[in-house]
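Take a walk through this model.

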Amino acid sequence: MKFRTASLSEQGGRDVNQDHCGYRILDKGGCWVVADGLGGHRGGEVASQLAVNTILDRFEAAMGFEAEDLFSYVQAAQEALIAKQAEEPRLTSMRTTLVVMVSDFSTARWAHMGDTRLYLLQGGSAQYRTKDHSVPQAMVDAGDIVEDDMRGHEDRNRLLRALGKEGDLRPAILEKPYTLHQGDAFLLATDGFWEYVWEPEMEISFCKSANPDEWLMRMERRITQRAESDFDNYSALGVFVD
């Protein structure tokens, strides 16, 4: 299989973009990462960039596609954040959410922390998404609210897991690798992106798009039409499997 990838990261209505995303496709595999930083003193911006760059560098240096490889990439990012906090005390509160996908061109596996999501579209239909580590997701799991209520919920920013807190590394990792099929598509997106784009709209935009750049552009148009003036940073990677 081959991949076509598009990326998007905008500050929205905020003064600083604390999101970061990136990917690398090498001879034997690829790695895609999206992160949404948290913390004052521009700490979120530092956290997300450091996490993404560390994971991509570690993947290139020691490429692997097993669950333990994914954990080691996330662990490397965690260690980099903790070291940066020790170096610059003003950054001690910096955290970041994270989603990372790796592929050997026949299968894919992913991991995440927080509410940055991965969606899988099969045949143009959204068949899967990662489950947030957040208070609204816990309320859905408990049956207190329905999934549609998560978008715009008053507690939507209350996270249960994030990268950057020492001794609290609990990424959710896909245990069994997913076998790729021609026509599959992946969307890796921060909450500032998926909050304004519903799953049926992801599908409609995908079916109308000839490439991942056009897919992201169509979805971004929905964000800018719906969002208020002070809306969040929004970032995404769109990946087509050919």
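This is a predicted model: local features need pLDDT of at least 70, side-chain atom pairs count only at pLDDT 80 or more; totals for chains, interfaces and linings use all residues.

Residues are numbered from 1 along each chain as its sequence is written, and side-chain values use heavy atoms, with hydrogens and water left out.

Start at strand β3, residues 30–38. Helices (H or I, at least four residues) and strands (E, at least two) are DSSP runs, numbered from the N terminus. Eight of the nine residues of β3 are buried, so the rest of the structure largely encloses this strand. Buried means under 20% relative accessible area, exposed over 50%, and partly exposed in between, with a 1.4 Å probe and protein chains only.

β3 has partners to follow. Strands pair if DSSP finds at least two bridges between them. Strand β2 (residues 19–25) pairs with β3 in the antiparallel sense, over seven bridges. A hairpin of four residues joins β2 to β3. Look for Cys21, which stands opposite Val34 in β3. Strand β4 (residues 95–103) also pairs with β3 in the antiparallel sense, over nine bridges. Here Cys31 has Val102 in β4 as its bridge partner. In a regular strand the side chains alternate between the two faces of the sheet.

Go on to the loop between β3 and α1 (43–61), where Gly39 sits. Gly39 is partly exposed, at 28% relative accessible area. Its C-alpha lies 5.6 Å from that of Ser93, although 54 residues separate Gly39 and Ser93 in sequence. Leaving out residues up to four places away in sequence, Gly39 touches Gln18, Gly44, Ser93 and Met94. Contact here means heavy atoms within 4.5 Å.

Now turn to the empty space. Rolling a probe the size of a water molecule over the atoms shows where such space is left. The search uses a 1 Å grid over the protein atoms alone: a cavity is a set of points where a 1.4 Å probe fits but cannot get out, a pocket is an open set with protein on both sides within 12 Å along at least five of seven lines, and lining residues have an atom within 4 Å of a point. Grid points are joined across faces, edges and corners, and a volume is the space filled by probe spheres set on the points.

The largest pocket has a volume of about 310 Å³. It is lined by 17 residues, and those closest to its centre are Arg14, Asp36, Asn157, Asp191 and Asp232. β3 returns here, giving the most to the lining with three residues. By class, the lining holds five nonpolar, five polar and seven charged residues. Ala, Val, Leu, Ile, Met, Phe, Trp, Tyr, Cys and Pro count as nonpolar, Asp, Glu, Lys and Arg as charged, and the others, Gly among them, as polar.

How many cavities of 30 Å³ or more does a search of the whole structure find? There are two. The largest cavity holds about 80 Å³. Its lining includes Asp115, Ser134, Met150, Asn157 and Asp191. Six of its lining residues are charged, three polar and three nonpolar. The second largest cavity has a volume of about 30 Å³. Arg117, Arg129, Glu147, Met150, Arg151, Trp194 and Glu199 line this second cavity. Five of them are charged, two nonpolar and none polar.

Stay with Arg129, in strand β7 (residues 125–129). Arg129 is buried, at 15% relative accessible area. Its side chain makes a polar contact with that of Glu147, at 3.1 Å. A second polar contact, of 3.1 Å, joins the side chains of Arg129 and Gln137. A polar contact is a pair of N or O atoms within 3.5 Å; within protein, one must be able to donate a hydrogen and the other to accept it, and residues adjacent in sequence count only if both atoms are side-chain atoms.

Ser134 caps the N-terminal end of α3, with a side-chain oxygen 3.2 Å from the backbone nitrogen of Gln137.

Finish at Tyr119, in strand β6 (residues 117–122). Tyr119 is buried, at 1% relative accessibility. Its side chain makes a polar contact of 2.7 Å with the side chain of Arg117. Among the residues that Tyr119 touches are Arg129, Trp194 and Met202.
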